Amino acid sequence: MYKATKLLLPAFLWCGVVHGCPFHLSMETRPTFLEPIILQVANQSNGVTEEHFLGRTRQLTYAGKRTGEGYFSADGRHIVFQSEREEDNPWYQIYMMDLDTGETERISPGHGKTTCSYINQANDRYVLFASTHDDPRSLELQKEEMEFRASGKERRYSWDYDPHFDIYVFDRETREYSRVTDTKGYDAEGAYSADGRMIVFSSNRSAYTEELTAEEQRLLEADPAYFADLYLMNADGSNVRRITNEPGYDGGPFFSYDGQYIVWRRFSEDGVTADVFIADSEGENQRRITSFESMSWAPFLHPTNEYIIFASNKQGFSNFELYLVDREGMKEPVRVTHTDGFDGLPVFTPDGSQLVWTTNRKGASQLFIAEWNHAAALEALEAAPARRSGSMEQDT
Amino acid sequence: MRFTKHLAGALTSLVLPTCIPADALSLREHVEFLASPYLEGRLTGTTGERIAAEYLSAQLRAKGLMPLQGHESYLMPFDFVGGMSDSGSTLSLLARTSNQMFAGEAVNALSFSNNGSVTAPVVFAGYGIKTPDSSETPYDSYHGLNLEGKIAVILRYFPEDTTGDFRRELSRYSGLRFKALHAREAGAAGLIVVTGPNSPNAGKTVPMGFDTSVAGSGIVAVSADASFGESLFAGHEKSLQQIQDELDDGNPHVSGFELPGKKATISVEIEREKRIGNNVVAMLPATDGVSDEYVIVGAHYDHLGYGAGGNSLAGQDEGKAVHPGADDNASGVAVILEMIDSLAGRERDRHLVLGFWSGEELGLIGAQAFADEEVVPSENVAAYLNLDMVGYVADNSLTIQGVGSSNEWPSMIERANIRPGFDLTLANDPYLPTDAMVFYQNDVPILSFFTGAHEHYHKPSDTPEKLNYKGMDRVASLVAAITGNLLNAETPPVHVAVERSTQEGSGRSMGRVYTGTIPDYTAEVEGLMLSGVMKDGPAERAGLQEDDIIVEFAGQTVANIYDYMYALESVKIDEPVPVVILRAGERIEREIVPTVRK
């Protein structure tokens with residue numbers, strides 16, 4: 001049963017979208033009777049603090065109104081992220097920072113909406129991202145948004161799954177862009193494989209090519225993400241193949257650093273909850289890793305492939321925290337962060353020694369970095385109780 | 001005490017400067033020297049300050065830095081008033097048949113008075129307040145009065161029974177310097193201030209206080225006690241009590257009046273002890289020697305001496321003790337000395353100036369003197385970086401203040417912090433109670449580095465062993481990185497004019513209302529976080545404590561220190577007002593009884 005849901009989010013919450021954060025629930029739609037239960041769960045931290053896993057936590061980015069979604073190059077010396085830091089563009093643009101010098105270069109063209117970048121893991125000369133800059137109206141829309149914001153109004157956050165989103169690859173040497181998807185529909189949330197030859201991404205293109213029933217047409221208008229599924233393609237955009245075909249929004253896929261696995265999250269059909277999934281590198285052998293009865297998204301594998309880190313609002317609608325789960329989902333997830341507000345979009349450095357994530361713990365959302373305690377993570381996962389339900393469920 | 005003074009004297013005359021160690025000293029060694037008891041707290045104008053200045057000069061010389069162009073020495077002296085005393089000011093009231101003289105306890109010169117003698121007819125001018133013409137409810141005590149060449153008699157403070165915004169407005173313009181200015185502009189030749197029977201400190205004279213500016217206010221001004229008030233209005237149709245009652249509701253139409261037949265003679269003799277402080281300034285010129293632009297990095301090196309000047313937070317049991325000022329601000333000075341080698345060894349497109357200011361604790365007077373002198377015109381200063389109290393790096397955190405002074409700062413800071421890796425707190429407000437404000441007010445983009453207030457702030461216990469020297473070393477690398485980027489940036493940061501939250505919020509002066517709260521200037525919270533409360537002060541009596549966050553005061557929401565100061569302006573002395581605090585997230589309501597600031 002599908003219930004029409006609103007794509008609304010309180011303005012204080014950052015949600016970089018997409019590598020998986022489509023908020024299908026507004027504050028208004030959260031049943032109030034859940035409140036006491038949520039609070040009770042929130043207080044169960046068993047005396048474990050985030051210092052158990054994280055050392056020397058510190059803010060990494062400071063510029064602009066907000067910054068989020070940081071991803072590393074294979075050598076860990078560059079990070080690419082999205083940030084609202086230019087006065088003439090109200091939307092995110094993509095930037096790449098040299099972690100030796102702190103110098104930052106803009107990767108995206110400076111207009112249009114952009115999101116979801118990733119550095120080619122075989123050669124950091126190439127960076128992919130999703131953008132609407134080829135939409136002939138993009139400059140006009142940008143101006144409208146600037147005027148809207150200048151009027152002092154604040155939009156409640158909503159991600160519109162603009163069908164003009166396509167995936168582009170920027171060549172840092174030639175400074176040229178190549179468009180690697182060219183299909184009507186939302187193409188975004190891309191990530192490279194370890195050898196840099198493949199891109200996995202999310203797209204709702206099928207809704208624009210297949211014949212829709214009246215009910216499906218209504219669904220598309222209410223929630224275009226419902227039709228999103230995962231696709232694989234060669235890094236130049238050739239050989240596109242669909243690897244999921246289930247109701248509900250599949251998105252936010254990442255390869256493991258060794259290229260062996262793909263992790264992603266799938267929303268329930270009604271868009272209320274999401275869980276973490278894993279598959280082998282060509283999309284085969286898909287299995288569900290969590291049954292966490294909350295919005296669990298943005299999964300990312302530790303480079304040892306021993307466990308996955310992800311974000312979930314188990315503690316309350318707007319309190320996203322980071323959790324760990326073992327790679328095959330044999331155990332219940334283990335909570336990592338204990339800070340009110342938003343903690344999400346976690347990424348390990350390629351050597352596994354540090355964690356970068358997006359959080360609004362000190363005000364506007366920015367990237368934070370901390371030393372990662374791998375031994376403590378393994379120990380906590382070992383001690384976690386067995387998964388309560390659905391552990392052996394095969395979802396396809 | 002005598003012994004140490006003697007020794008310090010010997011140090012200056014005999015030992016300095018040849019025996020000051022200056023080879024590759026560590027941060028700790030710099031702090032230990034500057035905060036040693038022999039420097040007696042480095043009060044501006046004292047021998048201890050002078051020894052510190054010589055020490056800094058020796059370090060700069062050893063590192064091969066030059067004095068500023070056109071200067072022989074690193075020392076840049078400035079004059080200030082180091083102390084003042086009333087050496088027998090008098091006041092005489094001359095009526096038709098009598099001549100009454102007031103002296104001693106009954107009369108006190110105001111600290112900003114000119115010296116001299118004036119005899120003239122007396123005019124009573126109410127509270128002597130003039131609010132701006134743009135006010136919603138303008139108030140002018142001088143309206144309709146002719147004061148030309150006469151002596152104005154006015155009441156201290158402001159109409160006592162007023163409330164709300166009007167009270168706040170009147171309170172804002174009730175400072176005695178303001179009042180003296182308006183009296184002078186109205187043509188008055190002299191000013192006598194009386195504290196009315198309805199006011200706090202009723203009938204008392206105004207303590208002389210301390211005014212570091214050398215120049216007088218252009219008017220002869222005294223305060224006089226109740227005996228003068230009585231004599232002045234003797235034979236008048238109303239007593240001072242009745243006169244004040246009529247004024248106290250703030251009705252702007254209650255006017256002052258002449259006192260026919262009454263004349264006064266005011267004689268003021270203030271001895272201002274003029275002293276000399278020293279800024280210590282050096283420069284590393286641009287690599288090719290040619291540039292119009294300067295980057296200045298500075299830290300004050302003076303401190304509170306024995307804590308006699310009123311800024312000390314020493315407990316009464318601590319007596320008269322040296323305030324070593326290890327964190328405040330030997331720490332900032334040491335960090336700059338530490339940075340010099342890395343900055344000297346690189347290419348520079350702009351000149352780098354290093355300024356060690358004195359007189360900061362007396363009211364930013366050293367930095368102000370430097371700015372006023374225009375040795376380096378402020379329009380040529382690309383940016384000013386300030387370090388004031390950077391010795392308490394804890395949990396990898398560091399606060400950078402004044403970030404709102406330029407839009408370019410956040411990205412410059414982001415870049416420079418990649419290697420040091422602090423968990424930074426960026427605070428925007430450029431109106432800071434430290435030297436950076438002088439530069440900001442001259443349209444220079446500023447940053448000020450600060451590791452936070454603490455329990456040893458302005459106390460004899462601010463000693464060197466409490467500092468985190470490894471942390472300071474990392475502060476040095478961050479400040480050096482930002483400085484390096486500024487020296488070579490293609491375009492310097494652009495100054496942003498930030499509106500000041502209050503008109504009169506000059507940081508240190510909090511008006512006449514005293515609550516005994518110690519605000520935490522680093523906390524970025526909604527409300528006013530306290531880093532402590534004064535012993536036996538109103539806040540402590542109300543049960544407030546460290547880390548409480550004041551969110552409401554006297555029924556007004558408090559989002560920041562300015563809101564708090566604003567709320568303070570509307571309350572009455574000795575009358576309980578509600579205060580709401582957050583303590584560990586819990587909302588607690590208390591009652592606080594503000595007292596009069598002594």
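The contact between the two chains takes 19 residues from chain A and 17 residues from chain B, where contact means heavy atoms within 4.5 Å. This is a predicted model, in which local features need pLDDT of at least 70 and side-chain atom pairs count only at pLDDT 80 or more, while totals for chains, interfaces and linings use all residues; side-chain values use heavy atoms, with hydrogens and water left out. Residues are numbered from 1 along each chain as its sequence is written, and chains are lettered from A and ligands numbered from 1 in the order in which they are written.

The size of an interface is often given as the accessible area lost when the parts come together. Here the area buried between chain B and chain A is about 1,300 Å², with carbon and sulfur atoms giving 47%; buried area is the accessible area (1.4 Å probe) that two parts lose on being put together, summed over both. Of the area that chain B buries against chain A, 45% comes from B:Glu414, B:Arg415 and B:Ile418, more than from any other three residues.

Three salt bridges are found across this interface, a salt bridge being a side-chain nitrogen of Lys or Arg within 4 Å of a carboxyl oxygen of Asp or Glu. In the one between B:Asp423 and A:Lys362, the closest N and O atoms are 3.1 Å apart. On the side of chain B that touches chain A, the elements giving two or more residues are helix H10 (409–416) and strand S15 (423–426) of chain B. Helices (H or I, at least four residues) and strands (E, at least two) are DSSP runs, numbered from the N terminus.

Chain B itself has 14 helices and 24 strands. Of its 598 residues, 56% count as buried; buried means under 20% relative accessible area, exposed over 50%, and partly exposed in between (1.4 Å probe, protein chains only). Among the contacts in chain B with a separation of 6 or more, 80% join residues 24 or more positions apart. One residue to look at is B:Glu258, in strand S9 (residues 257–268) of chain B. B:Glu258 counts as partly exposed because its relative accessibility is 43%. The C-alpha atoms of B:Glu258 and B:Val122 are separated by 6.7 Å, although the two residues are 136 residues apart along the chain. Neighbours within four places aside, B:Glu258 is in contact with B:Val122, B:Val123, B:Asn146 and B:Lys150.

In chain A, A:Ser206 is found in helix H3 (residues 206–209). With 5% relative accessibility, A:Ser206 counts as buried, and beyond its neighbours within four places in sequence A:Ser206 is in contact with A:Phe227, A:Tyr231 and A:Arg242.

Over all chains, a search of the whole structure finds 48 salt bridges. One of these joins the side chains of A:Arg218 and A:Glu215 (3.2 Å, N to O). Both residues lie in helix H4 (residues 214–222) of chain A, three residues apart, about one turn of the helix. In chain B, B:Asp548 forms a salt bridge with B:Arg583, the closest N and O atoms being 2.7 Å apart. B:Asp548 lies in the loop between helix H13 (538–541) and strand S20 (549–553) of chain B, and B:Arg583 in strand S22 (residues 577–583) of chain B, so the pair ties together parts that are 35 residues apart in sequence. B:Asp548 counts as buried, at 0% relative accessibility.
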